[in-house]
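Subject: Structure for your files

Hello,

The structure I mentioned is below, with the sequence. My notes on it follow.

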Amino acid sequence: MRMLLRPGTIFHKDTKPYRAFSLCKHLSSLSDNGENRQVINEICNVLESDLPWGPSSETALSSLNLSPQPELIIGVLRRLKDVNIAIDYFKWFERRTELPHRPESYDSLLSVMSRCGKFDALEQILGEMSVSGFGPSVNTCIEMVTRCVKANNLKEGFDVLQMMRKFKFRPAFSAYTTLIGALSAVVNQSDMMLTLFQQMQELGYEPTVHLFTTLIRGFAREGRVDSALSLLDEMKSSSLDADVVLYNVCIDCFGKVGKVDMAWKFFHEMEANGLKPDEVTYTSMIGVLCKANRLDEAVEMFEHLEKSRRVPCTYAYNTMIMGYGSAGKFEEAYKLLERQRAKGSIPSVIAYNCILTSLRRMGRVDEALRLFEEMKKDAAPNLSTYNILIDMLCRAGKLDCAFELRDSMEKAGLFPNVRTVNIMVDRLCKAQKLDEACAIFEEMDYKVCTPDEITFCSLIDGLGKVGRVDDAYKIYEKMLDAECCTSSIVYTSLVRSFFNHGRKEDGHKIYKEMISQKCSPDLQFLNTYMDCMFKAGEPEKGRAMFEEIKARGFVPDARSYSILIHGLIKAGFANETHELFYSMKEQGCVLDTRAYNIVIDGFCKCGKVNKAYQLLEEMKTKGFEPTVVTYGSVIDGLAKIDRLDEAYMLFEEAKSKRIELNVVIYSSLIDGFGKVGRIDEAYLILEELMQKGLTPNVYTWNSLLDALVKAEEINEALACFQSLKEMKCTPNQVTYGILINGLCKVRKFNKAFVFWQEMQKQGMKPSTVSYTTMISGLAKAGNIAEAGSLFDRFKGNGGVPDSACYNAMIEGLSNGNRAMDAYSLFEETRRKGLNIHNKTCVVLLDTLHKNDCLEQAAIVGAVLRETGKAKHTARSW
């Protein structure tokens, strides 16, 4: 028989109401019949032997000369624990007896699958049942779902119901409600709950108030207020009356997601509908008001509850005490404890733990320890009490006290659980006491307390951060040996640690191992991995990882784009900022402050300062306050393109917002004003910097020195250099290069050479510009020996002298009457394709004539004439 539930959808319905009774009768006869029990034992002995299923096992079963009793297979299946053996025997029995299986036999096979938690063959079994014209019994359907729920495999339970629907079977009402109830306790499963609920409605099941309550709780907990209210309206339209439990759930759940006024609405609506609020109602409302910092209303609600009761409500007291503690009103909390005690109700350990939790949040260690001693008069501290205090002591850096408390806990008969261990390991790692953290880990008694993912993660992360990456990897191996579930968090920590300590190849191997362990990377891992690759100087691999993020089905978030843009800027690809920024916009990616800062910096680095300025304004309009990094990027960008008045206006704006400006921003302005010759303003900025208590860095001094040198205020530059040294700022090669160049410009070559030698003594390697400047200066000063020595050393170190350097050397050698040496350099310059100045040719030609080097003089003269013709032709064009 079939039952038509809606047009076009047909579901099987059990046609034998006596099936359950019949099955019980058969099983009863089996249990009463000793002969059948013996046969079942013999069959099970064959099936459960080490003999693999095949011709040998089939022969062994056939040798038992069994009569084809359908009751036998039910008894055997009830005993079997291996679903594969059960299916093989089930098929063999059908072939052997040449009789179709009865519904009870299929139900027994499905029960085996439920007990084993393996539903791989479910589709095949249900297909056979569908062809035979019957489906699973109500009890079997409930059993399959219940087993999935107990195994915490809710997705499989959902799939079981969908498979039944595929074959037009009607899943049991209780199977649906059991699964919905289990899903309501798990985060982010409300959509699956709603799907099941809609299927129940399609099947004609009438939902109860309890079912609506479960669904509303699930949606409200996830903050999906509109969906929860829609379900509530649907319930009311179904002529179902809300009960106290439903109102309590609504008050609690809506209040916890911040909808306090809505919670009040439910409270008043409840009274208007003639329902009397109970202790749970009041306590939930008190908790909601305390969480919303509406303490006065919570106190009023508590007092109202107290007046209506003879016996104090312990749960309400605990909630109110927690409310006082969260608000930092500890005196009121202590008074409430005394009031509870005066009413004949001894405060529980929960009440004390509530206060201790609040004291931990406030960091009031001494007060917490005092309360810990006082509470022993009323209630024995439990494991949670000790965990709260140990956590508090570790956070305060009182690790010795934490160890003492742990020892006293063991003396009190309480032993650390995994949370205790995790607290201590995590805090010790953060305090960089890694040996102590490892000792606690090694001392764990696996029979009493087994480390979990948090334990392993804390150690791996702590060891990795201080460079003990090999030890971190050993902990990871122990994690695998303990068969503890590895997650992206572990691999994120390992990859970051290897890359941060210069072992990028090992970092790449960790990613490969993650994939081999079938651990799917999440977006946070992929972002971190991409960031590591960019920082390790692998921009192309970083780009490829960004594409992999999209290939894996993730939508890149603001952090993904921030890492990509920042990495490309550092690698010299700032010009790509514009395109990536608009990709972010098109995708609907919401920029945070960090993302804005990186994009603004990118625009400034590639010269699009106007665009950066626009983004700064957009950032303000969208409610993001610009930071010192934001202002620093734009001020530096404006200063570099000589828009100094705008840069200074932004500088003043940042100060007006009380943003703590750093040396980098002051240095950008000093550099900008200095480059355009506004040296007085540069000095004023430097003076303000020092008045703020900041110390100029070498870049600040270099900016000012460069401005003074360009203005040929060399004496002022030397005084500035002296101030730099007096403030214990170490000059770098750029500093010396600026001074050497400046002294050479005003023809103080010997003084420049003194700074050159000082730089060498400091172990600094001169730059190409410094070499060229110094060689040219010495050559012009007639110090040919030193100039020649420097010139040869420069080339010997792999340096490539430029045209100015060669020309200066040729002129110097010529002036020193070293005609052939000058000519040799002349030929070398020509071979290298460098430009030879007319003045250089004239000086060399004169020297060659004086030394009767007529053949060489002819060549130089020919070059000079060719150069002159070329210039004349260029002018005529």
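I begin with helix 26, residues 453-465, which has 13 residues and reaches 18 Å from its first C-alpha to its last, close to the 18 Å expected at 1.5 Å a residue. The expected span is 1.5 Å times one less than the number of residues in the helix. Helices here are DSSP runs of H or I with at least four residues, strands are runs of E with at least two, and both are numbered from the N terminus.

This is a predicted model, in which local features need pLDDT of at least 70 and side-chain atom pairs count only at pLDDT 80 or more, while totals for chains, interfaces and linings use all residues. Residues are numbered from 1 along each chain as its sequence is written, and side-chain values use heavy atoms, with hydrogens and water left out.

Buried means under 20% relative accessible area, exposed means over 50%, and partly exposed is in between (1.4 Å probe, protein chains only). The buried residues include Phe-456, Leu-459, Ile-460 and Asp-461. Among the elements covering them are helix 24 (418-430), helix 25 (434-442), helix 27 (469-481) and helix 28 (488-500).

Asn-422 sits in helix 24 and is buried, at a relative accessible area of 9%. Apart from neighbours within four places in sequence, Asn-422 is in contact (heavy atoms within 4.5 Å) with Asp-452, Ile-454 and Thr-455. Thr-455 is itself one of the buried residues of helix 26.

Glu-786 is in helix 45, residues 784-796, and counts as partly exposed at 32% relative accessibility. Leaving aside neighbours within four places in sequence, Glu-786 is in contact with Phe-753 and Leu-778. From Glu-786 to Val-629 there are 157 residues in sequence and 47 Å in space, C-alpha to C-alpha.

Two loop residues

Most residues other than glycine have a negative phi. Asn-293 has a positive phi, near 60°; this residue lies in the loop between helix 16 (279-291) and helix 17 (295-307) and is exposed, with a relative accessible area of 69%. Asp-852 has a positive phi near 55°, lies in the loop between helix 48 (838-850) and helix 49 (854-876), and is exposed at 63% relative accessibility.

The chain overall

The protein chain has 49 helices and two strands. Its radius of gyration is 42 Å, well over the 29 Å that the globule rule gives for 877 residues, so the chain is more spread out than a compact globule. That radius is taken over C-alpha atoms, and the rule is 2.2 Å times the number of residues to the power 0.38. Along the principal axes, the C-alpha atoms fill a box of roughly 135 × 80 × 60 Å. Buried residues make up 48% of the 877.

Regards
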